Amino acid sequence: MPAKRKPKEEQKKLIFSNEFFSDMESENMLYAVLIRSPVADAQLKSISHPSLPEGYFIFGANDIIGKKTIQTLGLEIPVFCTGEIRYIGEPLGILVGKDEKKLRALLNSVEIRYEERLNDSTELLAERVIVTDQQIDRFFEEATFTVEDTWTSQIHPRNYSEPNGAFAYQKGDLLYVYTPTQWLSHMRKSISAVTGMNKSNIVITRTQFSELDTNTLWIDSQIAAQVSTAALKTRTPVKLVLTRKEQQQFIENAAPVSISHKTALNRDGEIIADDITITVDGGAYNPFAREFIDRLCIASCNVYAPKAVRITGKVYSSAYPPYSIDVSTIDSHAIYAMESQLQKITEKTGLDPIELRARNYMPAGKKKNPLPFQFSGENVMETIQAVCHSSDFVRKYTTYRLNEVNRYLQNNNSPFAPPLRGIGFACGFSGSGYNGTSFIKTNPSLEVTLETDGSLHIHALPTSSSVWNIWKGIAASTLGISEKSIVLNSEFTIEKEPEAPETISSNISIMTQLLKSACESLRRKKDSAVLPLTIKKTVTLSKKNMWNKEAFAGTPFLNTAFAACAVEVELDSCTYREHIRGIWIVVDAGKIFSAKAAESTIKSTIQQTLNELLADDVVHCPNIRVQFVQSSGEPKQIDGIVYSLLPAAFASALSQALAITVTRLPIQSDTLYKLTKKAKRLFDEQMAAEQKAKEAQHAAEKSDADGTEAVAEENASQEEEA
């Protein structure tokens, strides 16, 4: 049954809950399914059903009371298609009725009238161009080495939670909505605009949610607006849950990112120029296109500093559903491309992979940095050396490199052939608190209140259990109180509702520092102050001003973690199955409050990333070594660092094992077989060309020798005649 109406003093508060939709089901509840477009580009005429049973309804754009679109970062996205169909699967309407199974059957007989068009044109959704030297092309003319390739990544963490959906009903002048939203302020504004209801009359209960997809940020609001429209029209509770197929196609569909590098190096292995082109398919709509491309451009050189760089980043629209990217792993696509490019450079030039990175790493604060970006990092080379030591990288790389040269001289198709082995290396950063974000209009803040009964209330958005334990430990040790007396208060009035999505505004490292600072201020004041005493801490303007949005320059993140990773793989040359022999990772994340929790987070993320490396299979690794650099610096977020390193290190290891470059992730089921055959063919062609060259040289030498002998004989004959 619907929940009891909240008292007036509670109506303006946000309600956080883990209640499931089933708790709210009643006999009068209606189920709903979305009517989706079967074509990608058309003009919608009408949607109808020839014999809709009693108690079943179809609602579309014309049934919306208020606005027919929801606004996300300035982009207007239709709640239901208003006429112009942009992609296959676009919501055209909603079908509502008592029996969920019957709804699925009725959905197949809905009549959709449309006029199809053939429009292959694409729209530029966002662009960023960075040029540090207008004469960059001259560096390529002077280069000793020039290496270029294109790297494509469509890796995306899998979501094993329940599909998204919404449950809504009206009681009196209040509209109750249950949904797994991460962006409460956006959802409240969207529902208010679509339904015409006052924001204070919309009570949102947040159910369990996934943090992986940007699409959930706005699609959850779209779904809630669709269900709210149906609930208001029928005056009955309405529940909609996406199918697993819908979840994968419209929520978890990873955006394809293609990055080309053309790199020029001098004789010493210094990168004197890098021409980088980034192309992203954003789908039909993408309100986050600007954030995507800016973050990719910032991370495109990783922690290296070429003398000259030209970065061209573009996001295009397409006739596909809006693509999604995990906000915490945007940088990983660019770092994967840069680290893979360095691996190819070592293969083409023979340069040592560690020495190559050491020569091109730009320490934080170094003068004359040609790039407009600065990243903090104090223990970069120490972290790299630690991974090399723990994995025995230098010895293994040298050995496998020597084997790689003559890999296909032997018959690798034999069941008794030795396995092919390779080891890959990657390093990179993970930024916390992107200063150029479009989400946050105000600086992140946190409040703590010491009550008269001695309890401490931390006023912040909910966080994970491991982070909450860290927060309690910090507060308890700083104030000298029991952890049992510490309470998390996650209620906000509508006026103070956080503007940013929860997964962005509640950054762990930033909020932890604010909590520590607030507790220290509270400790100094509590003895002389009257309780209750509230202390509020906000990220200072000086830190926010480190990044110049207009110039697109400065320090893009409040802080950055750094890590290095090595991956050793073994490939069965008969079955074409890979086996990971070991993963070694060392992380510099500042002060670690709970080493056990941090190690568990890294290992869990490693396994999640391994699941994404192969498209149709799962990779396991029983030998995972995780280390942390001992540091007293500010704690830094580490949850996205693995996604930046592991794919690049894995691809580099496979490239060495196969003796051919792996340029695309995830790997399809037949990729290893095709690459092996291609590598063998290229090797045979190279051997044949070398043999042909030898034969030609031998023939030339013989011809020269025969000519010399003939000349000698002729001279001898002439002398004899004389």
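A: Two strands count as paired when DSSP finds at least two bridges between them. The model read here is predicted.

Q: How many bridges join β19 to strand β26, and which way do the two run?
A: Strands of a sheet pair through backbone hydrogen bonds, either parallel or antiparallel. Here β19 and β26 (residues 557-571) run antiparallel and are joined by 14 bridges. Within this pairing, Ser432 stands opposite Asn559 in β26.

Q: In what order do the four strands of the open sheet lie?
A: The order is β19-β26-β27-β28, with mixed pairing. At the edges are β19 (420-434) and β28 (624-628), each of which pairs on one side only. From one strand to the next, the twist averages 15 degrees.

Q: Which strands does helix α9 touch, and what angle does its direction make with that of β26?
A: Angles between N-to-C directions run from 0 to 180 degrees. Helix α9 (residues 380-391) packs on the sheet and touches β19, β26, β27 (578-588) and β28. The direction of α9 makes about 20 degrees with that of β26.

Q: Which strands does helix α16 lie across?
A: Helix α16 (residues 641-658) lies across β19, β26 and β27, and runs at about 160 degrees to β19.

Q: What share of the contacts with a separation of 6 or more joins residues 24 or more positions apart?
A: In this protein, that share is 81%. The secondary structure comes to 17 helices and 29 strands.

Q: What percentage of the residues count as buried?
A: Buried means under 20% relative accessible area. Of the 722 residues, 54% count as buried. The accessible surface comes to about 32,100 Å², and 47% of that belongs to carbon and sulfur atoms.

Definitions and conventions
Residues are numbered from 1 along each chain as its sequence is written. This is a predicted model: local features need pLDDT of at least 70, side-chain atom pairs count only at pLDDT 80 or more; totals for chains, interfaces and linings use all residues. Side-chain values use heavy atoms; hydrogens and water are left out. Buried means under 20% relative accessible area, exposed over 50%, partly exposed in between (1.4 Å probe, protein chains only). Contact means heavy atoms within 4.5 Å. Accessible areas come from the Shrake-Rupley method with a 1.4 Å probe; for residues, only the protein chains shown count as cover.
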